[in-house]
2 protein chains.
Amino acid sequence: MEPTSRRLRLLISYDGHPFRGWQSQADGRGVQDHLEAAFARLCGGERLPVHGSGRTDTGVHALGQVAHVDVPATRLAPEQWRAALNAHLVPKLRVLECRWARPGFHARFDAKGKVYRYRLWNGPVFPPLELGRAWHVPVRLDAALLREAAQILTGRHDFRAFSASRGRGQDPADTVRHLGRIGVTGKPGGLIALTFEGEGFLYKMVRLLTGSVVYCAQGKAPASWLSELLDPRNAPAKTSHAAPAEGLALVRVRY
Amino acid sequence: MEPTSRRLRLLISYDGHPFRGWQSQADGRGVQDHLEAAFARLCGGERLPVHGSGRTDTGVHALGQVAHVDVPATRLAPEQWRAALNAHLVPKLRVLECRWARPGFHARFDAKGKVYRYRLWNGPVFPPLELGRAWHVPVRLDAALLREAAQILTGRHDFRAFSASRGRGQDPADTVRHLGRIGVTGKPGGLIALTFEGEGFLYKMVRLLTGSVVYCAQGKAPASWLSELLDPRNAPAKTSHAAPAEGLALVRVRY
């Protein structure tokens, strides 16, 4: 007997601006809603749940979000699914690649790590072509402090000080994460990109890390403040210096 | 006696999308109109003409347009002019730098050359974050043909086949230009950038060059077609393959 459905794996990119994050919303403005609406139009109104690797916040971009969805077994090849989906999606949301998933593949549970990139413009005037794609930090940063701060945060730590509470989907007691790398490219006076690679991230963690690193690199707090925030004996200390969403992009999900 | 005015030199960047090009327009939507309106608000309604290095078309971006303007001699320092102007401009138009011009400086007549960059995305799906910043060319280009075409066009030629007629400001008999370099970065399957460096460019020349190079690199015409278009004996042959405005940016003006 032929199987009645087959699992598609999608590589997705979006400009976060027009969406209310990845997650389905009551008003239908989540990226997930847009994808599920496109599948419904292609499948006679049937609602197929689209499972992402994880959420992205309102306004956060994605260069390589991954999702899976079980589609009715038809003769459509993956490239045909891709073309048909893109024909029903707004241009700010695109399926870059489409292929059959290996048996049992799950976009969220199989994810082994993620790469995020935070872009900021560190100069007095914000270049118009960076609008919506970077955070404007006019005060000149100290490059040595920036690297020192990034160094302190790298490794396995309890990142509870760098997380925002979320209704569900995150165990408040499980806030230890391994942050494999914070890469710093560019330099003060121009575009600076921070690349975060880790096995998993807490809610708003990358934006809170970026905001706190920038706070230190502006000389507003010593780098030791970050060490204190990581020290589990100091809980429930929190940082509230979250960098804005528009500078952040989910670059890649590792499997 | 104190001079009554002083010449400011501006370095300007804009996202071309909301503007009807550099040049003043009857509807006030030219970049020049926006700048002159900002000066008028800062100078009690006085209209100060802003002279640019040259025009850019509707939708074309600028990373480094240059202009000069004679301002009333006040105690404002150039950085104060910059801040005041930016406070009165929309975020998609910014004065990046402001300084006193050397005596006799003229943004247009003193320009010794310009650098333009054309960005195109050469893959089946257009990434959302490239919207408005690149041209989507889905058919895979041939990298060798691309470089060959760029090579043919480099040098001193009569580029009349690669120009659009314009009401004024360009002598139709003077269409010989020296194109110093067409740099090609990136590769088929992703982002490709063509960098044009020359002493001067005809109206729509960069977009017509780009469109024609891409036409060749798609295998639709042999590279020899470009040589024929450059041959003055073949005038008035024309190419109509203009690449769209949103992929083009004026990068720098050389003085």
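Strand β3 of chain A, residues 61–72, is a mostly covered stretch, with nine of its twelve residues buried. Keep in mind that this is a predicted model.

**Strand β3 and its partners in chain A**

- What does β3(A) pair with? One partner is strand β1 (residues 5–14) of chain A, which runs antiparallel to β3(A) and is joined to it by nine bridges.
- Within that pairing, A:S5 has A:P72 of β3(A) as its bridge partner.
- Strand β10 (residues 248–254) of chain A runs parallel to β3(A), and two bridges join them.
- On that side, A:A62 faces A:L250 of β10(A).
- As background, side chains in a regular strand alternate between the two faces of the sheet.

**Where chain A meets chain B**

- How many residues does each chain bring to the contact? Chain A gives 21 residues and chain B gives 21 residues.
- The two chains bury about 1600 Å² between them, and 72% of that is on carbon and sulfur atoms.
- Three residues stand out on the chain A side: A:V125, A:P128 and A:L129 supply 40% of the area that chain A buries against chain B, more than any other three residues.
- If you go looking for salt bridges across this interface, the rule finds zero between chain A and chain B.
- Polar contacts do turn up, with a count of two residue pairs between chain A and chain B.
- Sorted by class, the side of chain A that touches chain B has twelve nonpolar, three polar and six charged residues.

**A closer look at A:E130**

- Where is A:E130? Look in the loop between β5 (113–121) and β6 (135–136) of chain A.
- Its relative accessible area is 14%, so A:E130 counts as buried, the cut-off being under 20%.
- Setting aside neighbours within four places in sequence, A:E130 is in contact with A:R119, A:W121 and A:L191, and also with B:R133 from the other chain.

- Over all chains, the count comes to 21 salt bridges.
- One of them joins the side chains of B:E36 and B:R47, at 2.7 Å from N to O.
- B:E36 lies in helix α1 (residues 31–42) of chain B and B:R47 in the loop between α1 and β2 (51–52) of chain B, so this pair ties together parts that are eleven residues apart in sequence.
- Buried or exposed? B:E36 is buried at 6% relative accessibility, whereas B:R47 is exposed at 57%.
- Another salt bridge links B:R160 and B:D158 through their side chains, at 3.0 Å from N to O.
- In that pair B:R160 is partly exposed, at 31%, while B:D158 is buried, at 13%.
- B:R177 and B:D174 form a salt bridge too, with 3.6 Å from N to O.
- There the arginine, B:R177, is buried at 16%, and B:D174 is partly exposed at 39%.

Methods. Residues are numbered from 1 along each chain as its sequence is written. Chains are lettered from A and ligands numbered from 1 in the order in which they are written. This is a predicted model: local features need pLDDT of at least 70, side-chain atom pairs count only at pLDDT 80 or more; totals for chains, interfaces and linings use all residues. Side-chain values use heavy atoms; hydrogens and water are left out. Buried means under 20% relative accessible area, exposed over 50%, partly exposed in between (1.4 Å probe, protein chains only). Helices (H or I, at least four residues) and strands (E, at least two) are DSSP runs, numbered from the N terminus. Two strands pair if DSSP finds at least two bridges between them. Contact means heavy atoms within 4.5 Å. Buried area is the accessible area (1.4 Å probe) that two parts lose on being put together, summed over both. A salt bridge is a side-chain nitrogen of Lys or Arg within 4 Å of a carboxyl oxygen of Asp or Glu. A polar contact is a pair of N or O atoms within 3.5 Å; within protein, one must be able to donate a hydrogen and the other to accept it, and residues adjacent in sequence count only if both atoms are side-chain atoms. Ala, Val, Leu, Ile, Met, Phe, Trp, Tyr, Cys and Pro count as nonpolar, Asp, Glu, Lys and Arg as charged, and the others, Gly among them, as polar.
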